[in-house]
Amino acid sequence: MDQEQIIFYFFAASVLISALCVVVMKNLVRSIFLFFVTLFSLAALYLFALADFIALAQVVIYAGGVLVLMLFAFMLSNKELLNSLKPAASSFKFNNFAGILISLLFLLILFTVIVNTDFNQIAWMQQSVPINVADNTTHIIGIHTMTRYLLPFEILSVFLMMALIGAAHLARKGNKI
Amino acid sequence: MIPLSHFMLISAGLFCIGLYAVLTKRNAIQVLIGIEFMINAAVLNFVAFGRYDKISGGGQMFALFAIVLAAAGVAVALAIILNVYKYFKSIDPTKTNTLKD
């Protein structure tokens, strides 16, 4: 166990435990704030995959934008949830049990697939050049955006404008939906 | 160097937590958080595979695209949730059963 592994597994445990707490917790405010912890630890995991720019984008977009938006929507939508969070009398229903069962079985399938796969056999991975620690990935991303992935980038920008106009139209005051 | 399968195991765990939230939660915001978990699990996989491919760089590029798409989706979804709350006075997805009155 060297330092890299210790830090990686610390953040991995932090991601999984905080995500589990977000899902299990009854108090919605606490779960939204724990969502911060999950997103920051995920950004740390992206760093271990040598994706510094993605980690930065994760922090800026998710922690800066999405979570503030979620807090706003939460505060605007259900005031009564803030003061009295009554745990429903029958919180452990059949519905709940079926959800646990489905997600556990799905987890089992994914685990067996991942454990039994030999990743050294993948053809493109043997031929390709891996990213070095010394590489400037932001530089590489910038070049790729303007050359190879220009069309997805343009489509994305049009989509983003559509989504913004749509969200502004939906949230407008006094429209009849 | 962390092996690829460990990234994938973490992302599988995160995906299943998100799936559980989507299936069982009775609050639209928590369902949305579950969807975000699933998207983040996918992004983690993109990034983990992208480490092995410097020439075409597809993993990191599409991870970036997925993050931006998720942010746009959240903006629209929260606007819809606010409208649903105005109309039904509740954001329980099991109670909102009509699209039109």
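**Entry 1: A:I54**

I looked up A:I54 and found it in helix α3 of chain A. Helices here are DSSP runs of H or I with at least four residues, strands are E runs of at least two, and both are numbered from the N terminus. The model is predicted, so I kept to its thresholds: local features need pLDDT of at least 70, side-chain atom pairs count only at pLDDT 80 or more, and totals for chains, interfaces and linings use all residues. Residues are numbered from 1 along each chain as its sequence is written, while chains are lettered from A and ligands numbered from 1 in the order in which they are written.

Is A:I54 buried or exposed? It counts as buried because it has 28 C-beta neighbours inside 10 Å. The cut-off for buried is 20 or more other C-beta atoms within 10 Å of the residue's own; 12 or fewer is exposed, in between is partly exposed, and C-beta atoms are placed from the backbone.

Next I listed what A:I54 touches, leaving out residues up to four places away in sequence: A:Y46, B:V47, B:Q60, B:A63 and B:L64. Contact means C-beta atoms, placed from the backbone, within 7 Å. I also checked A:A43, eleven residues apart from A:I54 along the chain; their C-alpha atoms are separated by 7.7 Å.

**Entry 2: helix α3(A)**

I took the helix as a whole. α3(A) has 26 residues and reaches 36 Å from its first C-alpha to its last, close to the 38 Å expected. The expected span is 1.5 Å times one less than the number of residues. I found a bend of about 30° at A:Y62. That bend is the angle between axes fitted to the seven residues ending there and the seven starting there.

A:Y62 is also one of the buried residues of α3(A), which include A:I54, A:V66, A:M70 and A:F74. The buried residues of this helix pack against α2 of chain A, and against α2 (28-50) and α3 (58-88) of chain B.

**Entry 3: the side facing chain B**

I counted the interface next. 65 residues of chain A are in contact with 55 residues of chain B. α3(A) gives the largest share of the chain A side, twelve residues. That side divides into 51 nonpolar, twelve polar and two charged residues. Nonpolar covers Ala, Val, Leu, Ile, Met, Phe, Trp, Tyr, Cys and Pro; charged covers Asp, Glu, Lys and Arg; the others, Gly among them, are polar.

**Entry 4: chain A overall**

I closed with the chain. Chain A has eight helices and zero strands. Buried residues make up 20% of its 177 residues.

Key
Two residues are in contact if their C-beta atoms, placed from the backbone, lie within 7 Å.
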